[in-house]
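Welcome! Please have a look at the sequence and the structure before reading on.

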Amino acid sequence: MILKEIVIRNFKSHSNTRIKFEKGINLIAGRNGAGKSSILEAILVALYGIRPPMRKDDLLQVGTSEYTIDLRFEMNGRDYRIIRRSSGNSELQGEFYLEGDRKINEWVERNISPFHVFTGAVYVRQGEIEAIISDESGREKIIRKITRIEDYENAWKNLGQVIRELKGEMDKYMEILKQKEDAERRFKEKVQEIEKYKMEIGDCQEKLEKLRIEHKKVLEEKRVFDEFKREMEKLKEQVLRLEGEIKGMKQRLEVLQSQKEELEVKSMEIREKYEKMISLNEKARLYMELEKIHKEISNAHKELDNKIKSLEIEKERSLNELRKCEEEKRNLENLNKEISELKSKFENLRPKTQKWEQIKSKVERKAQIEKTLSEKGYSIEKIDQMFSVIQRARERDRGLKEAFSKVSMEKGSLLTEKRRLEEVIEKIRTVVGICPVCGRELTDAYRDELLRKFSMEMERLKNELLKVEEKERKLMEERKKVEELLGKQDVVLKYKQLADELRRISEDLRGFDVEKLKDASAEAERILSRIAFLEEAGKKSQKFAEKYEEALKKLKEIDNEILELKKQLRERVDERILNAGFGNIAELERALSELRSYYEDWMSLRSSEIELKEVEEKKKAVIAEIEKCESSLREQTKQYEKCVGEFKKLRERYDERRHLELEDLEKKISKEIAGLEERLQVLKNNLILLEKDRDYLQRQLEVIYESEKKAKAIENAIPELEKIREKFLSYRNKVAEAALKEVERYASEIFEEFTGGKYSGIKLKRVVEYGKERLRIFVLHHGAERETSFLSGGELIALGIAFRLALSMFESGGRIPLLILDEPTPFLDEERRRKLVEIMTDYLRRIPQVIVVSHDEELKDAADRVINVEYRGGVSVVEA
């Protein structure tokens, strides 16, 4: 597997990062906190998703809602691409397509490697190499995790827990079995009680059936009497209804006779009015004809008057327009004179306006910059001071890096010497016979002398280490202040650029009187605006002046048209009056006045013809309704007599006393039936409860019988499980022994190569100290086993890397296709750092692809590709 490229968006400190990897050694370099290790975490999340103790909220960049990791890699000659999204909508692209976190995780575990293999063989976490060298408990933990020894131990522990839980379950089942005898007794009693209730229910149902038969016979006889009674009540209601209807019809006849008499009187009155209207018809007709002629003459007069008035209004409008044209002619002359004067002034201002156009953009830019600086409260002098502070901070940052490097080397050297002295003191305290330092006989006095000597040396080292740590702390504090200052450099550089630009503009404007040029330009603009306004007004005045002759001609035409209309009015009115037989309009109006009273009488009597028809029609309708009502009255009287006869016949057949006896008997039997049904329901409900109790007891017995079976099964299984548990412990020891031998073989080969054959290998031994078993590493030097304190600083780092590579080879089956190292160089002294560079250059190149994360600048010489990471403006920035 070869990683090709990763794109990280909104993941931890990475907003939008793209990194290309190559075969060989890829170094990801940068200061602490720059976001280097986050790139390795992104690779791990892209392949395997979020694994404990990772949390989605901790991986999201602050202020974002979703991260995306796009990883491209090659495997078995094919290209693949995994797009991992925090929403779970992830994709795998390659020779096929998969969607969703679960499916992609399964494919990666099956085709690349399981998660524990990847983190054991490929991904070497920060601090693992250091733990292998100096921390025995850490070394033990790493070996047990990678070789999977702890899986057998966990299985042994888990099986022990299972056995304890099974014994607890068996105790619970035994408690349940104590209830068996009581449950069986109660179940038998419930079965007997159920049989008793079933017999009682059978007796009750038999009595109820007899009563229902008797009740049916009574109901049938009672139903006959009920029918008689209903028929009688129905006929009684019909008789009463018919009596009411007959009475109502008689009253209606009386009303109709009265209406008939009233209509006959009204008809005679209306007929008299009708005859009078006929006698006035001729005079009314003459009045209407003369009224029509008068109206036509009035309308004609009114029409011509309106036209004349309209023309007079138009004449007045034309006179106003004529006056306006004369005024605009005078105004046009004044406008032309003012335009000429303004153009002369503008020509005088033209040189100044041209100069203003040359410097206008610079003046505006200067004002914009001054406003920006003023809003932020910055002056040019203050910005220069801030820039000077940033310059000094950059220089101090470079000095601090060098100081940190020296302090790290000094601290690493002191820590190595301190560990060596601790091991020597421990050996002197525990060894018997020969001194492990000088080889002399180790008496008690000589032991005490050596212990005092080395203890004093240890105190000296501790004091020096405290001084170095204090120096390191002060450097860290100073570095924090410097980083705070450098965090502001982007803002300072931005305002520094504005200040420099302001200086350049001020220098360019030095020879110009800006305010005068600006005022001259404004005056020129005002003149041009005024000229444009006057020219526009002149155009309007010119249009009015051109309309003067046209307006004068139109005024004469209107006068002629008014005279013609007055002439037409006189001619049309005189002709119409003569045709009507009158000499003038006054004679026509007198004739109309004489005829008006006859016309008004005729108008008041005109509706009498219609009223007479309406009254005659109403009279016919009333006579018809009287005839209809008399016919209905005869019919209703016949029906009333028939109903009375039928009611008398039914009354003779109905026995009221027997009817009442049957009603009482039916109520009595119904009450007895209801009592028996209620009793039967109570018995059935009790039976249901008893059957539920019986079923519950039956289920309880089934649970008890099942518990009895399970208790026997557990009792038989526990001895077998205890045997299996002992086998797990035996297998663990065998697996551990085989794994350690395999790791020891790989590590020996690699360490021998790293040291150029000086050491022929390593040995892993379990030793007991202070009652506790520990895993120790010994190196083989000229056939003798030596402890790690025998090694130099460079040899120690070589041993740590050899051992860690051996664990990776064990996990991957002897071949490492890809290796990821996270910060393998923390607190290394100069010798160890040089050895790591040598190992990277000579040995790690054999691995197809290596990705190393480090803040150490010296590792760049050993890398094929360097990827620099910086933390700027709140995000990680990558430069390759």
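## Around Ile 6

Leaving out residues up to four places away in sequence, Ile 6 touches Thr 17, Arg 18, Ile 19, Phe 21, Ile 39, Ala 42, Ile 43, Ile 69, Asp 70 and Leu 71, where contact means heavy atoms within 4.5 Å.

Ile 6 belongs to strand S1, residues 2–11. Helices (H or I, at least four residues) and strands (E, at least two) are DSSP runs, numbered from the N terminus. Ile 6 is buried, with a relative accessible area of 0%; buried means under 20%, exposed over 50% and partly exposed in between, with a 1.4 Å probe and protein chains only.

## How to read the model

This is a predicted model: local features need pLDDT of at least 70, side-chain atom pairs count only at pLDDT 80 or more, and totals for chains, interfaces and linings use all residues. Residues are numbered from 1 along each chain as its sequence is written, and side-chain values use heavy atoms, leaving out hydrogens and water.

## A helix that bends

Now follow helix H9, which runs over residues 281–376. Its 96 residues would reach 142 Å in a straight helix at 1.5 Å a residue, but the end C-alpha atoms are only 106 Å apart. The expected span is 1.5 Å times one less than the number of residues. H9 bends by about 50° at Ile 359, the bend being the angle between axes fitted to the seven residues ending there and the seven starting there. Just after H9, Gly 377 takes a positive phi of about 75°.

Thr 353 is also found in H9. Thr 353 is buried, with a relative accessible area of 14%, and beyond its neighbours within four places in sequence it is in contact with Ala 520, Ser 521 and Ala 524.

## An enclosed space

The model has two cavities of 30 Å³ or more. On a 1 Å grid over the protein atoms alone, a cavity is a set of points where a 1.4 Å probe fits but cannot get out, and lining residues have an atom within 4 Å of a point. Grid points are joined across faces, edges and corners, and a volume is the space filled by probe spheres set on the points.

The second largest cavity has a volume of about 70 Å³. Its lining includes Val 124, Ile 129, Arg 804 and Leu 844. Helix H18 (793–812) and strand S14 (818–822) each give two or more residues to this lining, and H18 gives the most, with four.

Note on methods. 1 Å grid on protein atoms, 1.4 Å probe; cavity = no way out; pocket = protein on both sides within 12 Å on 5 of 7 lines; lining within 4 Å.
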